[in-house]
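User: I am new to this structure. Could you show me how to read its features, one by one?
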Amino acid sequence: MTIKFVLLVNKQGQTRLSQYYEFIPIDERVSTEAEIIRKCLSRNETQCSFMEFKSYRVIYRRYASLYFILGVESTENELAILEFIHNIVETFDRYFNNVCELDIMFNLEKAHMIVDEMIMNGQIVETNKQRALGPLRVMDQAAAAAKK
């Protein structure tokens, strides 16, 4: 599976997390993100959760006030990616105890670490929630020990 990008976006269309796995110039990223977000937010709940956009297949899912959007190669299995999005949300939920937009905003580096543990170089490398959260838990324990 080749993932090109991961976006977490709120209902107002503000990007809260973005991770790219191939080089795209900043100006092109901004315009692509804006267009993808606009298209995802304008779709209603009865419409399909995946669509073609340029050379990508965009797969998204809304959880509460956040949209989890992944751009993948057009040959990817959409249902497998939807399942992976759900796995990412469950991992965030396990760490943040029912993740919300504020958790992502105030713990952006931790959210990036979780995504980085699950996706490397555009490939899904970890789906086990405990193993994906392992390095973050070790960091939290070290930080707690340092405070004592």
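Analyst: Start with a tally. The model is predicted. It has 9 salt bridges.

User: How do I read one of them? Take Glu52: which residue forms a salt bridge with Glu52?

Analyst: Look for the charged partner and the N to O gap. Glu52 forms its salt bridge with Arg57. The closest N and O atoms are 2.6 Å apart.

User: Are these two residues buried or exposed?

Analyst: Compare the relative accessible area with the cut-offs. Buried means under 20%, and exposed means over 50%. Arg57 has 15% relative accessibility, so Arg57 counts as buried. Glu52 has 44%, so Glu52 is partly exposed.

User: Which salt bridge does Lys129 make?

Analyst: The side chain of Lys129 meets that of Glu90, at 3.2 Å from N to O. This pair links distant parts of the chain. Lys129 sits in helix H5 and Glu90 in helix H2, 39 residues apart. Lys129 is buried, because its relative accessibility is 18%. Glu90, at 30%, is partly exposed.

User: What about Lys110 and Asp140?

Analyst: Their side chains also form a salt bridge, with 3.5 Å between N and O. Lys110 is partly exposed at 22%. Asp140 is partly exposed at 25%.

User: How many bridges pair E4 with E5?

Analyst: Strand E4 (residues 56-63) and strand E5 (residues 66-73) pair over 8 bridges, in the antiparallel sense. For one example, Val58 has Gly71 in E5 as its bridge partner.

User: How do I read two packed helices?

Analyst: Two numbers describe them: the angle between the axes and the distance between the axes. Take H2 and helix H5 (residues 129-147). Their axes come within 10 Å and cross at roughly 35 degrees. The crossing is right-handed. In H2, the residues in contact include Asn87, Glu90 and Arg94; in H5, they include Lys129, Leu133 and Asp140. By class, this contact has 4 nonpolar, 3 polar and 5 charged residues.

User: At what angle do H4 and H5 pack?

Analyst: The angle is about 145 degrees, and the axes are 7 Å apart. H4 passes H5 in a right-handed crossing. Lys110, Met113, Ile114, Glu117 and Met118 of H4 make the contact with Ala132, Leu133, Pro135, Leu136, Met139 and Asp140 of H5. By class, there are 8 nonpolar, no polar and 3 charged residues here.

Conventions. Residues are numbered from 1 along each chain as its sequence is written. This is a predicted model: local features need pLDDT of at least 70, side-chain atom pairs count only at pLDDT 80 or more; totals for chains, interfaces and linings use all residues. Side-chain values use heavy atoms; hydrogens and water are left out. Two strands pair if DSSP finds at least two bridges between them. Helices (H or I, at least four residues) and strands (E, at least two) are DSSP runs, numbered from the N terminus. Axes are lines fitted to C-alpha atoms, for helices over the stretch in contact, and angles run from 0 to 180 degrees between N-to-C directions. A crossing is left-handed if the near helix is turned anticlockwise from the far one by less than a right angle, and right-handed if clockwise. Contact means heavy atoms within 4.5 Å. Ala, Val, Leu, Ile, Met, Phe, Trp, Tyr, Cys and Pro count as nonpolar, Asp, Glu, Lys and Arg as charged, and the others, Gly among them, as polar. A salt bridge is a side-chain nitrogen of Lys or Arg within 4 Å of a carboxyl oxygen of Asp or Glu. Buried means under 20% relative accessible area, exposed over 50%, partly exposed in between (1.4 Å probe, protein chains only).
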